[in-house]
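Student: Hi, could you walk me through this model? I'd like to go through it piece by piece.

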Amino acid sequence: MMKKYSLLILTLIILILSFLNCWYSAELLDLLFIVTFILNLVLFIIYIICFKIVIEEIIKNKNILNVISLCILIMNIIIITIFPFREAKTYLELNLYKEEYEKVVKLVKDKGLVTYEYDNAKLPKELKKISISGEISIYKNDEEGQIIGFWIFRGMLSGSTQLIYSSCDEKLIEESEFRYSITSIKELEDNWYYVEFD
C-alpha cells in the first residue's frame, strides 16, 4: 500500500523542501554560500531523478497517482520561478514583528542607537531578528524625516534588498543618496517599502 503512494509522497517532499529552500535562501546564503550551492545542487539532482522516474511510470502505467506526481513536479518549477519569496517573507515578517520595527524607528529617532561606518547601527539583542545581519542602515534622521533600512538580503556579488522605513513617503527615498543605486521600490504598507539595490 505504501509503495503505491511512495512516488506521490516523494514529489510532495521535494515540493516542501524546494519551498523551504527558497523561503530561507537569504538566511542560508548569509550562513555559508557553499552550503546553499550544495543544497541547491542536491535538490536539483533529486528533482531530475524523480522527474525521470515519474515519466517512466506514466509511460508504463497511466494511473492517476503518477499524473498527480507529475503535476506536483511541474507546479514545483512554476512556484520556485514565479513566486516572490523574499517579498512575501518580508511582508509577513513586517506584520508579525510590527512592534519590534516600530521600536527600532523610535530608538533611531531618540538617537538611541550608535552608528559606525556607512551609517550602520547594531540592533539590541532582542531586536536582531528583524534584520538579517542584526544591523540597520540609518540613511536619514533629522528634521526632514527618517529613512531606516532593515536588511533582508546583503548581496556580495548580486544586488541587496532592504525593508525601508520612510517617515514621509516614497519620494523621500527617491531623493536621498544611497551607496548603491535603487533598482525598484514597492510600497508594502504606509511608510514601509521593499527596496532592491543594484
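Student: What should I know about the model before we start?

Tutor: It is a predicted model, where local features need pLDDT of at least 70 and side-chain atom pairs count only at pLDDT 80 or more, while totals for chains, interfaces and linings use all residues. Residues are numbered from 1 along each chain as its sequence is written, and side-chain values use heavy atoms, with hydrogens and water left out.

Student: Let's start with α3. How far apart are its end C-alpha atoms?

Tutor: They are 41 Å apart, which agrees with the 40 Å that the 28 residues of helix α3 (residues 33-60) should span at 1.5 Å a residue. The expected span is 1.5 Å times one less than the number of residues. Helices here are DSSP runs (H or I, at least four residues), strands are runs of E with at least two, and both are numbered from the N terminus.

Student: And which residues of α3 are buried?

Tutor: Thr36, Leu43, Tyr47, Cys50, Val54 and Ile58. Buried means under 20% relative accessible area, exposed is over 50%, and partly exposed lies in between, with a 1.4 Å probe and protein chains only.

Student: What about Thr36, buried or exposed?

Tutor: Thr36 counts as buried because its relative accessible area is 8%. Leaving aside neighbours within four places in sequence, Thr36 is in contact with Leu28 and Leu29; contact means heavy atoms within 4.5 Å.

Student: How do α3 and α4 cross?

Tutor: The axes of α3 and helix α4 (residues 64-82) come within 9 Å and cross at roughly 150 degrees. Axes are lines fitted to C-alpha atoms, for helices over the stretch in contact, and angles run from 0 to 180 degrees between N-to-C directions.

Student: Which residues make the contact?

Tutor: On α3, they include Tyr47, Cys50, Phe51 and Val54. On α4, Val67, Leu70, Leu73 and Ile77 are among them. The residues of this contact divide into 11 nonpolar, three polar and one charged. Here Ala, Val, Leu, Ile, Met, Phe, Trp, Tyr, Cys and Pro count as nonpolar, Asp, Glu, Lys and Arg as charged, and the others, Gly among them, as polar.

Student: Switching topic: in the largest nonpolar core, which residues touch the most other members?

Tutor: Of its 20 residues, those are Val104, Ile136, Phe150, Leu163 and Trp192. α6 (98-109), β3 (135-142), β4 (145-153), β5 (161-166) and β7 (192-197) each supply at least two residues of this core, and the largest share, four residues, comes from α6. A nonpolar core is a set of buried Ala, Val, Leu, Ile, Met, Phe, Trp, Tyr and Cys residues joined through side-chain atoms within 4.5 Å.

Student: What does Ile136 touch?

Tutor: Beyond four places in sequence, the contacts of Ile136 include Val104, Val108, Leu123, Ile148 and Phe150.

Student: And where is Trp151?

Tutor: Trp151 is in strand β4 and counts as buried at 9% relative accessibility. Among the residues Trp151 touches, beyond four places in sequence, are Asn120, Ser133, Glu135 and Thr161.

Student: Last one: what is the phi of Lys111?

Tutor: Lys111 has a positive phi of about 60 degrees although it is not a glycine. Most residues other than glycine have a negative phi. Lys111 sits in the loop between α6 and β1 (115-116) and is exposed, with a relative accessible area of 60%. Asn191 also has a positive phi, about 75 degrees, and is not a glycine; Asn191 is in the loop between β6 (182-189) and β7.
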